[in-house]
Amino acid sequence: MRSRSDVLETAVLGLLNESPLHGYELRKRLNLVLGSFRAFSYGTLYPALKALVMRGLIATTENDPLPPPPRKGKAGIPGRTAKPKPLGRRRVVYELTAEGKEHLQTVLATAGPAAWEDDNFDVRFALFAQTDAETRLRVLEGRRTRLTERLETFRQAATHPRSRLDEYALELQRFGLEKVEREVHWLDSLISTERGRASAPNRSSQQEQTKKERG
């Protein structure tokens with residue numbers, strides 16, 4: 001199982017691969033796109049960014065702050081304007097380096113058990129647009145296998161004597177079972193779609209070959 005810091009690293013590199021971002025924008029994207037990262041604070045994100053910079057996976061540049069708009073003159077003093085506000089702090093922008101792109105592609109090309117775990121799967125799925133079709137399918141199938149095992153565990157627990165479970169514990173058990181069943185159904189649909197996309201080029205090639213043979 002990958003650590004939470006490894007999962008955060010993948011998420012950061014994946015988002016920066018789309019475009020450079022400053023820290024505030026990056027944290028908003030993590031919160032918006034990767035809901036499982038809502039608990040991450042600046043105190044967690046910035047040490048992770050610093051570590052990625054030290055490893056040469058990302059680089060930083062500083063943007064000049066925007067100047068404040070001009071202020072109107074004070075009432076009763078014609079021609080006199082108010083003292084301008086000082087410029088804000090320079091914003092640090094993070095961007096992926098060539099080494100970072102290479103590292104990210106290595107991570108996204110893996111489809112082992114670590115890619116199927118709960119937090120890591122969420123991140124990997126959010127970055128599927130940057131992942132090749134074969135790896136996407138392997139990750140989805142692995143996730144389905146993991147959830148099928150979990151589903152069997154829930155069902156076995158449901159057949160045991162329930163005398164020690166009160167109504168709330170039973171309701172929680174039922175909720176967990178239904179949640180896993182819904183995700184398995186969702187994964188079945190995604191796997192079917194990915195397999196259909198993979199077979200489409202082959203069908204087109206066979207049709208072209210048939211046309212040539214008939215011609």
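**Salt bridges, helix faces and a sheet**

Me: Which residue forms a salt bridge with Asp188, the closest N and O atoms being 2.3 Å apart?
Reply: This is a predicted model, in which local features need pLDDT of at least 70 and side-chain atom pairs count only at pLDDT 80 or more, while totals for chains, interfaces and linings use all residues. Residues are numbered from 1 along each chain as its sequence is written, and side-chain values use heavy atoms, with hydrogens and water left out. A salt bridge is a side-chain nitrogen of Lys or Arg within 4 Å of a carboxyl oxygen of Asp or Glu. By that rule, the partner of Asp188, at 2.3 Å between the closest N and O atoms, is Arg144.

Me: How many residues apart in sequence are Glu9 and Arg55?
Reply: The side chains of Glu9 and Arg55 meet in a salt bridge (2.5 Å, N to O). Glu9 lies in helix H1 and Arg55 in the loop between helix H3 (42–54) and E2, so the pair ties together parts of the chain whose separation in sequence is 46 residues. Helices (H or I, at least four residues) and strands (E, at least two) are DSSP runs, numbered from the N terminus.

Me: Within what arc do the buried residues of H2 fall?
Reply: In helix H2 (residues 23–33), the buried residues are Gly23, Leu26, Leu30 and Asn31. The arc is that of the directions from the helix axis to the C-beta atoms. Seen down the axis of H2, these residues line one face of the helix, because they fall within an arc of 135°.

Me: Which residues are exposed on the other side of H4?
Reply: Helix H4 (residues 98–108) has Gly100, Leu104, Val107 and Leu108 as its buried residues. They cover an arc of only 90° around the axis, which puts them on the same side of H4. On the other side, the exposed residues are Ala98 and Glu102.

How values were computed:
Buried means under 20% relative accessible area, exposed over 50%, partly exposed in between (1.4 Å probe, protein chains only).
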